[in-house]
2 protein chains.
Amino acid sequence: MNTKKYISELSEFLAIPTISAQKKHVLDMKKGCVWLETKLKSLGFEVDILPTKGHMVVYAENLKAGSEKPTILVYGHYDVQSPDPISEWTSDPFKPEIRNGNIYGRGTSDDKGQLYTWIAGLDELTKDGNAKTRKPFPINIKFLIEGEEEIGSKNLNDFIHENQSLLTADIAVISDTHCLSETVPLICYGLRGLCYMQINVKCLGKDAHSGLYGGNVYNPANVLAQIITKLKDENHKIRIPGFYDNVRVLTKDERDKLSLFPFKEREVCLETGAEIVVGEKEYSVIERAGARPTLDVNGIWGGYQEEGPKTIIPAEVNAKISMRLVPNQSSEEIAQKFTDYVRTITPQGISVEIEELSGGEPILMDTGSKYFKAAEDAYKKVFGRVPLYELSGGSIPVTAIFKRLLNIDSVLMGYGLPDDGLHSPNEKLSLNMFERGIRTNLEFLKNLK
Amino acid sequence: MNTKKYISELSEFLAIPTISAQKKHVLDMKKGCVWLETKLKSLGFEVDILPTKGHMVVYAENLKAGSEKPTILVYGHYDVQSPDPISEWTSDPFKPEIRNGNIYGRGTSDDKGQLYTWIAGLDELTKDGNAKTRKPFPINIKFLIEGEEEIGSKNLNDFIHENQSLLTADIAVISDTHCLSETVPLICYGLRGLCYMQINVKCLGKDAHSGLYGGNVYNPANVLAQIITKLKDENHKIRIPGFYDNVRVLTKDERDKLSLFPFKEREVCLETGAEIVVGEKEYSVIERAGARPTLDVNGIWGGYQEEGPKTIIPAEVNAKISMRLVPNQSSEEIAQKFTDYVRTITPQGISVEIEELSGGEPILMDTGSKYFKAAEDAYKKVFGRVPLYELSGGSIPVTAIFKRLLNIDSVLMGYGLPDDGLHSPNEKLSLNMFERGIRTNLEFLKNLK
């Protein structure tokens, strides 16, 4: 494998400061698209740079394998986070440098370096030729590469919605996550959804003197505390009626597989600074993190918050409360149940506003499909071991969009490492992982022949 | 009664901008003291302007009535609030003006005008003479007039502590409150105390991702909500063990008297904007406001408080919680019981800091004393009706200091009206109330002969 060439090509791509958040980089964003266009064309793709309401999307396709062959949709993003604070970087974030077996630079791991493993993988697959004499692709391949992932992918949903037929595929593959270590690959096969609410409790027209009115009026902070307390019991069960109705039950086999995952009490305490781990007793730490729904207050505020005492009863107190959802809950269903329940437990004579701030659906991939089998086999061949299966507690919104609009699963084949420093100074990608990524993708593509 | 002369004298006093909060008025503060000194000397007092760590105190005494006669200590303050925003004043705050039967200016009601009713009352009592030929006072009189009431009386406690023997008296009288209306006088005979705490609940080393760690760690906002909920039950009873142990039980007679006080559900709703009034069922609104202890959250904050969603578990959440106390609770006792209980109900594995931010003792005056009788008779003569008796929900700290350090009650003979606009633009004092105040004080002094 011509690693040197691939590092050199990736370095060109990394050198373009495609910072989506900053207007002054608009031209760099275009350069990033053109770099991808040139590169993908040289591999035999038809490429379009398509507009959105924000930054452009690079779309590429090579469907020459024919309709009886599967079509994969490779998703990635060409935009990067701002490198601030620049003074903390050992080398220039946009002049990639190799040190200690890693390549350093903004976007190495998130996501240019990982996205590039597909380009290099395809190069490997079809080499011994140039754009005209390359071997043909054994399957149909589409690329969807967006430029707004680091600013919330705010136009991606509309873009996919408007281009549903263009993007039709059998499976999506995404390299934008990480392995557990250089020797332990990982396949994330499920992600939690989200139902994010805000409650505004108002009891008074304005802040009132706690001496004059205390004892005669509702205090919205006390009322909100009661509401929050009634949302969860002391065994960490959520008390919203019907909340668990649609929660998928784990199979014995799945629980066994999940138990191999090294995310235990020790990791939680080390990573968060918590003294102890608490949660539903009948589930393990990894199950609670990925396979069980949760409810957390994300923020709460009201009344006097400065130094010293001030004797008021606040007029209004607010809280942001979110629930992580698992299959087969839906954010709409849970938002409704939450709202109904909060209304039920709010005492009369109090004004309560309940808003839904954000929602996203949980997803579970069909790990029995030939695509997951192909990925598992590829990992086995390159890493020498089968990947661990993970249910992630977080969300990767694009996977939910693909599921909803294109009705396809996503195989998350990430080649980062947990210490890559995404969004931080000195972001890096291990060169070992870079090579293994290219080879794993190559094997995956071969397996789908 | 020479009202014209009294208004003219008061106007001189009001014209001195004795704003204690502003350094540029230091000289005016001294002028205020000197004005009082001159005035009190002309009535036959020995006067001292005494230093504190802050603004000076004017002390005056005339003890010529002899040790077998009672001694009253008149408390007042010569400092005023800043008049800002000046643009909202109809006339200059320091050029008193008479309109619609009121005198307008900063300090008219709070407290120069009310304090001056004692000076004018004494003038009336001893008139038909000058400083040398005035009639002698029938009782011993001391004045304690501070210059820091509007900035928290922060040096008053020390001053009284250091001058305990100088300030010895049988009763304090204070005109710094209000009547219910021009025809309904009021005697406040009890004030609630305060125990003001802060709770800081910390569960994590830093804010954590609610997707990755939700379901496995304590959320300090949820924990704090549980703690707050356990402080009070749904019948508005405080659940801190022993909290009510020392609460004084009202007599039937007292309850009957309190029931005359026009502070009902309607007033509470109108004044606060509350939709409904809630509280301990077996007590009336006025009893709950003055004779029963309360617990209120005064402020709560932690985690994400800006627009939109942010999926964190906050590391720390804080609340300010205060309790209004009634005789014979003490702030020390209640702070300890609160602290012990919160520690008991805090789950293991969580760090909870509990601080006491402020405390003050409840007081109850002996309304059976001859001083209250003298006040009641004076009101009856001047207003044509007996005063209403009130237990106030708030606190007037100086009364608690007098009780603690001098072991005397205070008769609160206020002549303001609820709409005087204390601390606001266009502060005023009704001239009717001004005259009635002077006459009531005169009668009170006569009654003590």
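## Strand pairing across the two chains

In this predicted model, A:Gly299 has B:Gly303 as its bridge partner in β11(B).

## The interface between chains A and B

Contact between the chains involves 66 residues of chain A and 66 residues of chain B. On the side of chain A that touches chain B, strand β11 (residues 294–303) is the element that gives the most, with 9 residues. By class, this side of chain A comprises 28 nonpolar, 28 polar and 10 charged residues.

## Domains of chain A

Chain A is divided into three parts: domain 1 (3–191 + 362–447), domain 2 (193–247 + 293–359) and domain 3 (261–289). Between the C-alpha centres of domain 1 and domain 2 of chain A the distance is 40 Å. Their contact takes 5 residues from domain 1 and 7 residues from domain 2. The domain 1 side of this contact has 2 nonpolar and 3 polar residues, with no charged residues.

## Helix α13 of chain A

Helix α13 of chain A covers residues 431–447.

The buried residues of α13(A) include A:Met433, A:Phe434, A:Ile438, A:Leu442, A:Phe444 and A:Leu445. Also among them are A:Arg436 and A:Glu443. The buried residues of this helix pack against α1 (3–14), α3 (112–126), α11 (370–383) and β18 (428–430) of chain A.

Definitions and conventions. Residues are numbered from 1 along each chain as its sequence is written. Chains are lettered from A and ligands numbered from 1 in the order in which they are written. This is a predicted model: local features need pLDDT of at least 70, side-chain atom pairs count only at pLDDT 80 or more; totals for chains, interfaces and linings use all residues. Two residues are in contact if their C-beta atoms, placed from the backbone, lie within 7 Å. Helices (H or I, at least four residues) and strands (E, at least two) are DSSP runs, numbered from the N terminus. Ala, Val, Leu, Ile, Met, Phe, Trp, Tyr, Cys and Pro count as nonpolar, Asp, Glu, Lys and Arg as charged, and the others, Gly among them, as polar. Two strands pair if DSSP finds at least two bridges between them. The expected span of a helix is 1.5 Å times one less than its number of residues. A residue is buried if 20 or more other C-beta atoms lie within 10 Å of its own, exposed if 12 or fewer, and partly exposed in between; C-beta atoms are placed from the backbone. Domain bounds come from an automatic or database domain assignment.
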